[in-house]
Amino acid sequence: KVVEPHLEQLAAEYDRDELIIVHLVPWLLYSIPEATERYNWYNYGSGTPTMMFNGLNNALTGSQSYNTIKSRITAQLNATPTISLKANRTSSGADSVISGTVENISSSALTNLVINGMIFKNRGDYPYSVIDIFEENKITIASLAAGEKYNFTMTLNGINWDGQGADGVIFVQSVNDPQKRIRQSLFIN
């Protein structure tokens, strides 16, 4: 509630290919086990609200100004990417399938990568509330050489994306990175 007006203003200023807001509820109303596990995995400590901009290194806690939040977004958008991520989604009844390509666009090999995702929808007080994290469907890439591409398909059984009125995000993250940065993310509707 403290920063929601700022986030709503920023969401209106940026396209979804620049800014994706998700609200992870690790306990109480709208919590899901995967959200609690992911919150614990980040092991950030305390502070409400906690806002993470690509991992632990760029986190903010407590009441923050619009300009402080925007500066973190600007810094992230100006960072040089190491991964190119392309994907699309199709539906088949109660299932959704996400297919795509991850490409290493850096000059060195990348190791221990994970492709994962989550879907979210508006739940009143939580306008970007995560309703599922694809933990059981995540894909591990042991190594990706410079310039190498990896094609993937993720079948999400029982996730009726359209029927739930959900949006989503797919992301590539380095598993062993102590900052737990997301190397690239992509909005999927």
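A pocket, on a 1 Å grid over the protein atoms alone, is an open set of points where a 1.4 Å probe fits, with protein on both sides within 12 Å along at least five of seven lines, and its lining residues have an atom within 4 Å of a point. The model is predicted, so local features need pLDDT of at least 70 and side-chain atom pairs count only at pLDDT 80 or more, while totals for chains, interfaces and linings use all residues. Residues are numbered from 1 along each chain as its sequence is written, and side-chain values use heavy atoms, with hydrogens and water left out.

**Exercise 1.** Describe the second largest pocket by its volume and its lining.

*Solution.* Begin with the volume, the space filled by probe spheres set on the points, which is about 230 Å³ for the second largest pocket. Next, list the lining, whose residues include Glu34, Glu37, Arg38, Trp41, Glu135 and Lys138. Then sort the lining by class, which gives four nonpolar, three polar and five charged residues. Finally, assign the elements, where helices (H or I, at least four residues) and strands (E, at least two) are DSSP runs: helix H2 gives the most, with four residues, and strands S5 (110-123) and S9 (167-174) each supply at least two.

**Exercise 2.** Summarise the architecture of the chain.

*Solution.* Count the elements, three helices and ten strands, and then take the extent of the C-alpha trace, about 45 × 40 × 30 Å along its principal axes.

Methods: Ala, Val, Leu, Ile, Met, Phe, Trp, Tyr, Cys and Pro count as nonpolar, Asp, Glu, Lys and Arg as charged, and the others, Gly among them, as polar.
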